[in-house]
Structure formats: structure tokens, C-alpha cells
Amino acid sequence: MDFRIYIIMRKIFFASLLLLFSFVASAQTPNIASSTEIVLRNSKICLKQDLTRGGAIFYISKSDSDRNVVNIYDEGRYIQQSYYAGKSVDRRAEGQCPTWSPWTWNPIQVGDYARNRAQILESRQSKKSSYVKCVPMQWDMNNHPAEAVMEQWVEIKGCVISVKNRLTCHRTDSIYGEGIECEQEIPAVYLISSLKNLHSYFGANPFTAQPTDKTEVKQIIIGDPEHFWGHYPAVTEQWMAFTDDEQWGVAVYSPSATSFLAGRFGSNLQGEYDSDATSYIAPLKRATLMKDSVVEYEYYLIVGTLKQIRKEIYKLNKKLSKSNR
């Protein structure tokens with residue numbers, strides 16, 4: 001064999017090995033914010049997460065439709081993690097928004113009121129599931145990353161979206177105080193205002209197939225943030241749903257919730273994903289977040305008719321009840 005051909009073949013061989021090793025290594029390494037979104041899709045639904053905004057859920061539609069039912073008007077919307085700790089503090093001299101002053105320590109997944117966004121630390125996905133890790137922002141402050149890390153695991157199966165959230169705090173501040181119990185949104189869910197009918201079950205016999213209830217939606221145009229939404233203390237099956245007039249919509253089922261907030265901002269009953277009008281649901285649980293707290297919970301989003309929604313929630317409840325025995 002010609003020596004020059006031999007040398008060329010050796011170079012090609014070793015280059016191929018390097019390419020192979022590089023491919024194997026990249027397949028085993030988490031995707032570090034290499035794209036702007038995660039897309040999960042099956043025959044029922046399509047879900048998207050925004051990697052420029054902490055990996056929060058920003059899009060849900062039927063699989064055969066491009067109509068997004070998640071409201072993303074500003075960084076306070078989306079479907080995202082949000083937590084509260086300590087006492088309310090006036091930090092306007094440090095860039096705190098006057099509208100949100102005084103305010104507690106409030107890390108949220110997407111970004112702050114001034115549209116500074118959370119930083120992705122890690123993201124990866126398979127065909128039907130995803131994982132994201134980010135540094136959240138303090139909602140009321142202008143470009144103040146929170147001393148915390150948020151993680152989120154998402155999986156889709158049929159018309160059900162399963163989500164596990166985790167907050168790990170590593171605060172060094174001394175201004176908010178310790179040992180103060182707050183209501184936590186588990187999670188904050190903002191939907192399009194076209195889903196305008198609010199449903200749940202408020203009776204004394206949960207998970208016995210009693211009829212669901214349609215309830216009045218508290219509508220806010222301008223109001224006190226402390227009493228902004230309607231409070232529902234007796235949501236005994238731990239879910240609420242906003243639907244259209246055909247009873248199709250989205251429910252959030254949060255098994256550890258003890259009460260709910262819900263309502264509508266704005267008077268537009270035909271608002272879509274980019275409208276300032278929105279329908280809001282937040283399952284609540286009271287908890288005290290310390291400077292080194294780790295908080296973890298699971299919730300479910302169900303997309304479909306009210307009948308389909310409740311059927312899936314009953315299946316989930318039965319499965320959870322068995323696993324807790």
C-alpha cells in the first residue's frame with residue numbers, strides 16, 4: 001500500500017473514533033440550555049416549556065390544534081413555581097417595584113416584574129418527559145436573582161400532565177426574618193380568559209362521584225393584591241378547572257392543597273394567550289420557608305371535557321391512595 005494512502009486512512013480512522021467518542025459523550029451529557037424550548041407531544045396534547053424563562057410551561061394545546069390555552073402576557077403569568085417567605089419589606093430604594101412594595105421574599109420561575117428572566121442551569125428531555133433546573137428571580141425586584149434553585153420534572157400521558165417541583169433555598173439575607181408562615185401557590189396557573197367558567201366539587205363527600213359545581217368567578221380589574229383573587233377554602237377534591245361553554249378546558253389537581261385561589265383579571269371573556277385578561281387558579285398550602293428550606297410537591301394538569309377531567313382525577317387519586325397505604 002502506498003505510504004501516503006496509509007497515513008490518510010489512519011487519519012480518517014482516528015478522526016472517526018474521535019467523532020464517535022464525542023457523540024457518545026454528548027448523548028450522556030445533559031442538554032445545557034442548548035435551545036429555547038422543550039416540546040412534549042402525544043396523540044392528545046402538546047406541551048411546551050420556555051428555556052428562556054426558567055423552563056416554565058408556556059404552551060398547552062390539543063395535539064391537532066395550535067391554540068395555546070396558557071396566558072403568557074407577562075413574566076408573572078405562565079404555569080410556574082412561586083413561593084413566599086418572611087415579612088413584607090419596602091425595598092424601593094433598591095429597585096423594588098412600587099406596585100409590589102412592600103413585598104415578601106418571592107422567587108418565581110419565569111422572571112421579575114421588569115422582565116429580567118430566570119437563568120437555566122440544566123435541561124434535558126426524552127420523548128414524553130423533561131427536567132429543568134434554574135435560578136429564579138425575585139418578582140418585586142429589578143434584576144435580583146433569588147438565592148435559590150428551582151427544579152421541575154414534567155411528564156405527559158394521555159391528557160394528563162404530571163409535574164414535580166422542588167425549591168432549594170440557600171439564602172443569606174437578614175431582612176425578611178425567619179419562622180413566618182405563608183400561603184404557597186402549588187403552583188400558579190394562568191390560563192386564557194376565554195376559559196371563563198370555573199368548576200370544582202365543594203361538598204362533604206369527595207371522590208364519591210357527586211355532581212360537580214359551577215361557581216362564581218371573582219373578577220378583578222383594579223384591586224388590592226392582598227385580596228386580589230377569590231378564596232375557596234372547601235375544595236374537597238383538591239382540583240379546580242376553567243372551561244369554555246362546552247365544558248372543555250384545563251384543570252389543576254394538587255393533592256396536597258388545603259384551599260384554592262381563583263379568579264379572572266380583566267373583563268375580556270375572549271382573551272387568548274397574549275391578552276392582559278387571564279383566568280387564574282392556584283392551589284394553596286400554608287408553609288414556613290426557612291433560609292435553607294427544601295420544598296417539594298407534585299401536581300397534575302388535565303386537559304379535556306369536565307367529564308374527562310374528573311375521570312382522570314379519580315384515577316390519579318386512586319393511584320395515590322394506594323401508594324400512600
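Colleague: Leaving aside its neighbours within four places in sequence, which residues is Val-303 in contact with?
Modeller: They are Ile-45, Ile-60, Cys-159, Trp-248, Gly-249 and Val-250. Each counts as a contact because it has heavy atoms within 4.5 Å of heavy atoms of Val-303. This is a predicted model, in which local features need pLDDT of at least 70 and side-chain atom pairs count only at pLDDT 80 or more, while totals for chains, interfaces and linings use all residues. Residues are numbered from 1 along each chain as its sequence is written, and side-chain values use heavy atoms, without hydrogens and water.

Colleague: Why is Val-303 called buried?
Modeller: Its relative accessibility is 7%. Buried means under 20% relative accessible area (exposed is over 50%, partly exposed in between; 1.4 Å probe, protein chains only), so Val-303 counts as buried. Of the 325 residues in the chain, 49% are buried.

Colleague: Where in the fold is Val-303 found?
Modeller: In strand β22. A strand is a DSSP run of E, at least two residues, and a helix is a run of H or I, at least four, both numbered from the N terminus. The chain has 22 strands and 2 helices.

Colleague: What makes a set of residues a nonpolar core?
Modeller: The members are buried Ala, Val, Leu, Ile, Met, Phe, Trp, Tyr and Cys residues, joined through side-chain atoms within 4.5 Å. The largest one here has 59 residues, and Ile-60, Ile-161 and Leu-301 touch the most other members. Strand β3 (residues 56-62) gives the largest share, 5 residues. A second, separate core has 12 residues, including Ile-302, Leu-306, Ile-309 and Leu-316. In soluble globular proteins, nonpolar side chains tend to be buried together.

Colleague: What makes the space of about 470 Å³ a pocket?
Modeller: On a 1 Å grid over the protein atoms alone, a pocket is an open set of points with protein on both sides within 12 Å along at least five of seven lines, whereas in a cavity a 1.4 Å probe fits but cannot get out. The volume is the space filled by probe spheres set on the points, which are joined across faces, edges and corners. This is the second largest pocket. Its 19 lining residues (an atom within 4 Å of a point) include Lys-157, Val-160, Ser-162, Leu-316 and Lys-319, the closest to its centre.

Colleague: Which element gives the most to that lining?
Modeller: α2, with 6 residues.
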